[in-house]
Amino acid sequence: MAPLNLLIPSLLLAFSLLISVPPCAFANNSKLFREYIGAGSNRVDFSDVPVNPDVEFHFILAFAIDYTVTDASPPAPADGVFTAFWDTDTLTPYKITSLKRSHPNVKLALSLGGDSFGDNRLVYFKPSSVNSWVANAVSSLTRIIKLYDLDGIDIDYEHFLAGPDTFAECIGRLVTTLKMNKVISFASIAPFEDREVKIHYRALWKKYGNAIDYVNFQFYAYDSTTNATQFAGYFEEQSMNYYGGNVLVALSTDKSSSGGLLPENGFFDACNELKMQNKLHGIFIWAADYSISNGFSYEIMAQKFSSHLLLLLLLTTIFLTTLLLPQALASPANSNLFREYIGAEFNGVKFSDVPVNQNVEFHFILSFAIDYTASTSPSPTNGRFNIFWDSNNLSPAQVASVKRRHGNVKVALSLGGDSVSGSPANFTVSSIDSWVSNAASSLTRIMKQYDLDGIDIDYEHFLETPDTFAECIGQLITKLKRNGVVRFASIAPFDDEQVQSHYLALWRKYGHVIDYVNFQFYAYDKGTTVSQFLSYFEKQSSNYRGGKVLVSFATDGVSGGLTPDGGFFRACDSLREEGKLHGIFIWSADDSMNSGFRFEQQSQSLLATLLLPSPLLAANSKLFREYIGAEFTGVKFSDVPINPSVSFHFILAFAIDYTTSSPHNPTNGRFNIFWDSSNLSPAQVAAIKKSHGNVKVALSLGGDSVGGSPAYFTASSVDSWVNNAVSSLTTIIKQYNLDGIDIDYEHFKADPNTFTECIGQLLTKLRQNGVIKFASIAPFDDSQVQSHYLALWKKYGHLIDYVNFQFYAYDKSTTVSQFLSYFEKQSSNYNGGKVLVSFASDGSGGLTPDKGFFTACDTLKKQGKLHGIFVWSADDSKKIGFRYEKQAQSLLASAKSSLASTK
């Protein structure tokens with residue numbers, strides 16, 4: 001604990017940072033929770049819905065529709081004259097007044113349009129004219145909003161009989177007028193991924209986005225098989241489509257028609273990832289009408305999650321201020337970004353040739369697109385870009401293929417380069433406006449054809465002034481980002497007076513739209529030393545202050561700079577220790593093909609370790625895990641007490657690659673179920689996850705024995721074992737809707753290297769394919785066991801989330817002090833890992849609950865080292881009423897978690 005006289009200034013500084021730093025510095029995590037209500041027929045009331053006082057809560061009445069309502073004729077469009085179509089008998093003005101009085105954090109909005117009404121009659125947006133629709137809408141909505149004392153408006157038209165420009169003008173002018181007249185204080189839109197919907201809402205956003213406060217993007221309109229990785233990609237895509245907007249994440253409790261990422265499939269995990277990136281702008285749910293059937297469990301979870309955000313922000317700020325102030329005031333921290341230029345030298349290199357480590361963010365950069373004619377004597381085209389990379393081997397189909405195979409890969413194109421057909425590729429323009437217009441048009445066409453993600457600026461020769469270059473490139477990037485054509489942009493300067501004058505002019509005016517600085521450190525002399533390299537890095541970080549300056553080397557054999565053989569990776573280690581390794585890029589894949597891409601592999605391996613939890617941040621956790629099903633005692637998930645305040649993992653014991661018939665024989669990676677599947681079936685997995693949102697279920701591989709004999713790890717070959725294991729385990733995991741995997745082999749007929757490759761490659765493929773979300777290992781203190789698991793940890797530790805160390809394999813006489821000593825030893829062996837403590841309820845050894853286990857846990861908790869507890873096993877604990885499970889979870893529920901969440 002810091003002395004009070006030191007802590008108080010830090011706290012004051014933390015609070016001053018919170019109130020003085022621009023909002024964009026934290027990229028607006030928000031405590032906003034929104035819920036649609038009133039569209040269904042089950043009479044849900046405001047008072048039915050739980051309201052957490054620590055969130056900003058918006059009820060959205062669904063819907064007000066500009067259709068006529070008469071008994072004499074069917075409903076018809078009413079040109080902006082709105083009528084309340086929500087459950088007005090239940091959700092009355094009086095109820096709203098009462099609600100707001102009892103919950104000061106609640107505001108109400110009404111939503112316009114919706115999908116359909118009555119007998120599934122579609123609601124169309126159909127104005128007679130812009131002026132008449134706006135006049136009618138302003139008048140009718142003002143009346144409704146004042147009658148109901150509402151605060152905001154939401155736009156949810158989903159069908160259109162008017163063009164995008166008409167829609168944009170009508171809605172834009174409506175929102176503007178209502179805000180100007182102080183009728184509403186906020187406005188939102190509710191688009192989803194549909195071509196017609198997109199073009200209408202994008203037209204509105206482009207012209208009137210500054211009047212729209214929230215984007216309620218209907219992520220539940222995506223496919224019901226959406227996983228967390230896909231969800232993250234959709235979020236980034238829509239954040240670019242509605243660039244600068246507060247895009248809220250969403251889920252639907254209408255199980256009959258909606259999809260997207262469900263809570264049981266990782267919705268809150270995805271929210272947590274966004275939270276850590278400061279991108280969680282809020283959560284909304286469709287709809288209270290459906291949630292009433294499950295007791296609003298997801299609303300409770302979502303609001304509880306949101307209510308912690310600003311506390312987390314404050315704690316994070318205090319943490320950084322007190323402990324990491326020098327780093328906090330420096331440039332952006334370490335990143336696992338790896339980038340590589342490809343295609344400039346036409347030597348047949350393909351994306352598939354380049355090794356891709358799944359634990360890095362990987363950018364291929366196509367080299368180059370140049371605004372020159374594609375003729376034998378190329379000449380400048382004033383911003384009309386043509387493709388000058390090896391498009392035969394790097395085609396749109398191959399871009400699609402590499403992105404499909406590797407979810408962590410993005411592809412960009414680079415503009416300019418050094419030369420075209422042996423002559424300098426000069427930056428030259430007729431005028432700024434014409435160049436920007438031509439460039440935006442031609443590059444948009446190429447970007448869409450190839451489904452590219454970003455742009456890189458690599459002009460190296462100039463026939464224009466720095467100011468002209470800055471305006472052309474700055475306006476181009478701004479336009480492409482605003483139009484959702486690119487998600488990121490980089491520049492690639494080097495230490496040359498003319499080059500730097502142009503790029504620094506660009507940086508000064510438009511640095512805020514540039515995500516990365518690919519500084520060409522290989523343009524320095526060949527004799528560069530580590531100390532010189534670090535000095536150059538500091539100089540360029542100062543030149544491009546606040547930017548993510550990436551380090552680099554070239555594999556072409558003719559460039560200079562600090563090479564891998566000369567100490568490049570030592571320099572990277574130094575930068576990593578200082579929190580300044582923002583990424584690595586290489587020039588180029590074309591040259592690296594000759595040497596088998598060994599430096600690419602080494603670079604990515606280094607970067608892949610950057611975001612692993614450090615001993616400081618891998619602190620206390622509320623993770624509780626329990627093995628179940630090995631002993632066929634009839635134990636069920638529902639027998640085990642589950643504390644809602646912990647993260648709870650059941651681990652099915654076991655899946656074994658042996659035949660199920662006696663005598664049991666090895667099957668070379670073809671796994672079968674050996675747990676009590678009668679009592680622990682797919683239906684029971686679904687039921688426990690449905691009833692407890694904090695539960696995940698994994699399976700464990702191996703175990704001690706099969707049919708009374710040792711369950712050996714044995715493989716015919718690495719490749720065949722991995723192929724069989726991936727196939728058979730994918731089938732089981734999908735059948736049971738499992739979340740993770742645990743490795744518990746305890747006997748071996750293969751050497752440590754074979755075990756390492758088999759298990760490491762298995763984990764890699766299951767993660768790449770989105771089959772599992774987490775993985776653990778379960779070693780114990782035995783020389784043969786440790787030799788195998790430590791070899792695995794050394795090479796593939798970055799893929800392993802938890803170490804279920806079997807502390808109950810130590811002697812029965814273990815004391816508290818011995819236990820703590822064993823913990824330190826294994827934490828050192830599995831350095832950087834989350835080593836969980838454990839006990840067994842079957843009478844095994846180790847430190848038992850009645851001999852001081854929880855005393856030891858308290859000690860670890862005080863030291864910030866209690867990463868979780870696991871128990872072997874529910875089968876045995878059933879006999880004693882699970883009393884130690886209750887005690888363990890109670891202890892964990894009271895632990896102060898780390899800033900990084902438990903998966």
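This is a predicted model: local features need pLDDT of at least 70, side-chain atom pairs count only at pLDDT 80 or more; totals for chains, interfaces and linings use all residues.

Ser541 is buried, because its relative accessible area is 11%, and the cut-off for buried is under 20%. Ser541 sits in helix 16, which covers residues 530-543. If we set aside the neighbours within four places in sequence, the contacts of Ser541 are with Gly546 and Val549.

Let me turn to Asp269, which belongs to helix 7, residues 267-276. Is this residue buried, partly exposed or exposed? With a relative accessible area of 23%, Asp269 counts as partly exposed, because that class lies between the 20% limit for buried and the 50% limit for exposed. In sequence, Asp269 and Ala228 are separated by 41 residues, while their C-alpha atoms are 7.5 Å apart in space.

Which residues does a cis peptide bond join with omega at about -5°? They are Trp286 and Ala287. Ala287 is located in the loop between strand 13 (283-286) and helix 8 (288-291). A cis bond is also present from Ala653 to Phe654, with omega near 10°. Phe654 is placed within strand 28, residues 647-656.

Lys182 is not a glycine, yet its phi is positive, at about 60°. The loop that holds Lys182 runs between helix 4 (164-180) and strand 10 (186-189). Lys182 is exposed, with a relative accessible area of 73%. Asn382, again not a glycine, has a positive phi of about 55°. Asn382 lies in the loop between strand 15 (361-370) and strand 16 (386-387). Whereas Lys182 is exposed, Asn382 counts as buried, at 12% relative accessibility.

Let me now step back to the whole chain. Its secondary structure comprises 27 helices and 39 strands. How does the radius of gyration compare with the globule rule? The value for the protein chain is 30 Å, close to the 29 Å that the rule gives for 903 residues, so the chain is as compact as a globular protein of that length. Along the principal axes, the C-alpha atoms fill a box of roughly 85 × 80 × 65 Å.

Of the 903 residues in the protein chain, 55% are buried. Among contacts with a separation of 6 or more, 79% involve residues 24 or more positions apart. The accessible surface of the chain amounts to about 35,900 Å², and carbon and sulfur atoms account for 51% of that area. As for charge, the chain carries 73 positive and 86 negative side chains. The centres of these two sets are 4 Å apart.

Finally, the domains. The chain is divided into domain 1 (32-308), domain 2 (346-609) and domain 3 (623-893). How far apart are the C-alpha centres of domain 1 and domain 3? The distance is 44 Å.

Notes
Residues are numbered from 1 along each chain as its sequence is written. Side-chain values use heavy atoms; hydrogens and water are left out. Helices (H or I, at least four residues) and strands (E, at least two) are DSSP runs, numbered from the N terminus. The radius of gyration is taken over C-alpha atoms; the globule rule is 2.2 Å times the number of residues to the power 0.38. Buried means under 20% relative accessible area, exposed over 50%, partly exposed in between (1.4 Å probe, protein chains only). Contact means heavy atoms within 4.5 Å. Accessible areas come from the Shrake-Rupley method with a 1.4 Å probe; for residues, only the protein chains shown count as cover. Lys and Arg count as positive and Asp and Glu as negative; His and the chain ends are not counted. The place of a charge is taken as NZ of Lys, CZ of Arg, CG of Asp or CD of Glu. Domain bounds come from an automatic or database domain assignment.
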